[in-house]
Every structure is written in structure tokens, then in C-alpha cells.
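Morning, everyone. I have one structure to show today. Please look at the screen.

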Amino acid sequence: MTSANDAFVATHTVPAWGADLWSLPDPDADPGHQPVAELPGGTEVQVVERRPDGWVRLTARGGPQGWTDGRHLEAITPDESVDADAMELIAQLQGALSACSQLLEDVKDGRIDPESFRSRAFRAGLVLRDEEAWMWDFASGWHCYDGIGLRRVDLSAEEQP
């Protein structure tokens, strides 16, 4: 079971027809027993305990916990290549920002002239990756060009590429 200190990690989704959650793994043991919650189809859940008979104890993000027949849950398989690609892009963008910051310090302290800053900042703030060009603009942040259009991209701490 997840506690307030544990991060929720979705491991499965509820089938399209939904799922009932029970306080015990065998609702037939008490004929008058009612479900503690009903989860709609597609709800992401974390399986925290599994029994040999197919019943699982699960929790939903910020929501109910209980037992259900786990044989119909759909496993979520993480796409590790997407995570690795995103982390590589983030590292490249952070490196570009670091180089641009250093150039700002250099021009401010008089180590380079404004024209040198302009040409070096352009190269430092340009990240070419696959079929995209990421460009840093000191006034408005990151922009991504994919060959069709240019869009501004907000890369705040909560939202990464």
C-alpha cells in the first residue's frame, strides 16, 4: 500500500467496463457486502499486492484503495527509450543554457565584445536533434522548429520535453 511518503507509480489501467473495489479480496464471503468504490475504465492504478487467486490490492492516484479481480487489469509497460531520449534532450538543452550563461558573463565582464557574443550565443543556443532544431532566445526562452513550424516550448520544472 502506498503511504503519503511514497510516490504513486501507475502499473495498470482499469478495463473499459470499469472495476469495483472491495474492502476484502472475496466479496462472496459476505453476501450483503458492497463495493467501497467503482473505478471508471481507463483509470491508472498501482497494484500493491497480488494473490495467487487473481485478486489484487490496488490504489488509484489520490483516490480509493481496495481489492479487485486483477485478471482484467491492463499492464502499463514503460517505454524506456522515450525516457532515455527525453533525458538526453534535457541534458543537451541544459548544456546549451550553461554555455549561453557563460557568454552573458563574458560580455558583461568585457572578455568578449557584443558582436562576438551575438555570433557565439547563436551557436551555443542551437541544439540540433533528429529532425528538430531547438533554439534559445534570451527574451522568450526555448523554441522548437520541426521543419514545418516554429513553436515556443515552456520547459518549467513540472513540464519536461
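Predicted model: local features only at pLDDT ≥ 70, side-chain atom pairs only at ≥ 80, totals over all residues.

Residues are numbered from 1 along each chain as its sequence is written, and side-chain values use heavy atoms, with hydrogens and water left out.

The whole chain. The protein chain has two helices and eleven strands. Helices here are DSSP runs of H or I with at least four residues, strands are runs of E with at least two, and both are numbered from the N terminus. Read from the N terminus, the order is β-β-β-β-β-β-β-α-α-β-β-β-β. Of the 161 residues, 33% count as buried. Buried means under 20% relative accessible area, exposed means over 50%, and partly exposed is in between, with a 1.4 Å probe and protein chains only. The accessible surface comes to about 10500 Å², and 52% of that belongs to carbon and sulfur atoms. Those areas come from the Shrake-Rupley method with a 1.4 Å probe; for residues, only the protein chains shown count as cover.

Now contacts, meaning heavy atoms within 4.5 Å. Take those between residues at least 6 apart in sequence: 45% join residues at least 24 apart.

Next, strand β5. How many of its six residues are buried? Six of six, across residues 55-60. Trp55, Arg57 and Thr59 point one way. Val56, Leu58 and Ala60 point the other way. Both sets are buried.

Who pairs with β5? Two strands pair if DSSP finds at least two bridges between them. Strand β4, residues 44-50, runs antiparallel to β5 and is joined to it by five bridges. Val45 stands opposite Ala60 there.

On to β6, residues 65-69. Five bridges join it to β5, again antiparallel. Trp55 has Asp69 as its bridge partner in β6. This hairpin also has four residues between the strands, and Gly62 takes a positive phi near 60°.

Last, Thr13. Thr13 sits in strand β1, residues 12-13. Why does Thr13 count as buried? Because its relative accessibility is 16%. Leaving out residues up to four places away in sequence, Thr13 touches Gly42, Thr43, Glu44, Leu73, Glu74 and Ile76.
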